[in-house]
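Please consult both while reading.

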Amino acid sequence: MKFTTADLTPLIGTAVVTDRDSLLDGSIASDLRMLLEQRGVLLFRGHDMTDEEQLRFAGTLGTARNEHGTDITKVSSDKARSPIFAEYTEGTYFFHFDDTYMEYPALASVLRARTVAPAGGQTEFANTYAIYTDLPAGERDYLDTLQAVHSQETIQRKAFPDPTDWQLSLWGEGAIPATTHPLVWHHRTGRKSLLLGETIRAIPGLPRDESDALIRKLLNLAERPEYLYRHEWQVGDILIWDNTGTMHRVVPFDLDCGRELHRVKLAGEEPIRAPGRVSA
Ligand SMILES: [Fe+2]
């Protein structure tokens, strides 16, 4: 069996139907990579993989990035199960792409649902290629001249307006310095996407009110239903998102409900860039 596909929405998300062997032996990996770049989110349902199989599947698509000493991270709000990730759960309720502080942000993440929340806990994705492409040409050209300062502290303060010293030691700008990226990512394919997120603190060179208004306007575009896919998790689901052409966020859920996803991050293969500019 090769595979068949069904789009989840017109602009973002595709379900892929195939057998487990085809996922694990790499025979359709290059097709899936192309589909991921085009569709932003790929869903594989009903495979019930183990951690080892998830890692093997992810390894056909790219290179697992070791984080905190492991290639597979437990995404859980239970501090006993996932002491580091649990600290960030509420911050993930706001749109972001992963690794804003890196020149090579993750290419993609491969998530597998182990335990789902009884209410909330869906993951939403917005297509940042489509948001950019649909803007008027003059606006696209203007945005192409701008950069944006991304900061973990900016997004975390939306969840924790009065952080403790401990929290600031984890994600304050003293611990994770802010980074400046172009607002428009010129990909090696020739396509362009917006580098958006609630991580953006400011647009350098613009007065504060103008900068805030522009950031909010662009983030509001991401709320339009045509750019969004909301994933309702089922146990066993495997979902991959292109971290270079989408933003994501989690719908709030009961932090004590036991929701747990296992994640393999694929190392970035392409630096954030725009012509004539270097990411700082
Ligand atoms: Fe994330």
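## The iron site

Donors are N, O and S atoms within 2.8 Å of the metal; water is not among the atoms, so sites may look incomplete. The model discussed here is predicted. In this model, the iron ion is coordinated by the NE2 atom of His96, an OD atom of Asp98 and the NE2 atom of His248, at 2.1 to 2.2 Å.

Along the sequence, the donor residues of the iron ion follow the spacing H-x1-D-x149-H. Asp98 and His248 thus named link distant parts of the chain, being 150 residues apart. Asp98 lies in the loop between strand E4 (73–76) and strand E5 (108–115), whereas His248 belongs to strand E14 (residues 246–250). Both Asp98 and His248 are buried.

Strand E3 (residues 41–44) is covered on both faces. Val41 and Leu43 are buried on one side, and Leu42 and Phe44 are buried on the other.

E3 has a parallel pairing with strand E2 (residues 14–17), over 2 bridges. With strand E13 (residues 238–242), E3 pairs in the antiparallel sense over 4 bridges. Here Leu43 is placed opposite Leu239 of E13.

## Helix H6

Which residues of helix H6 (residues 152–159) are buried? They are Gln152, Glu153, Thr154, Ile155 and Gln156. The buried residues of H6 pack against strand E7 (147–150), helix H7 (165–171) and strand E11 (200–202).

At the start of H6, a side-chain oxygen of Ser151 comes to within 3.1 Å of the backbone nitrogen of Glu153.

## The nonpolar cores

The largest nonpolar core holds 25 residues. Those that touch the most other members are Leu143, Leu183, Leu194, Ile203, Leu218 and Met247. H8 supplies the largest share, 5 residues.

Leu218 touches Leu143, Leu183, Leu194 and Leu196, when residues up to four places away in sequence are not counted. Another core, of 22 residues, lies apart from the largest one. Its members include Leu35, Phe44, Met49 and Leu266. Phe44 is also one of the buried residues of strand E3.

Conventions:
Residues numbered from 1 in each chain as written. Predicted model: local features only at pLDDT ≥ 70, side-chain atom pairs only at ≥ 80, totals over all residues. Heavy atoms only, no water. Buried < 20%, exposed > 50% of the residue type's maximum accessible area, 1.4 Å probe, protein only. Contact = heavy atoms within 4.5 Å. Polar contact = N/O pair within 3.5 Å; in protein donor to acceptor, adjacent residues only side chain to side chain. Donors = N, O, S within 2.8 Å, 3.2 Å for Na, K, Ca; no water. Pairing = 2+ DSSP bridges. Core = buried A, V, L, I, M, F, W, Y, C linked by side-chain atoms within 4.5 Å.
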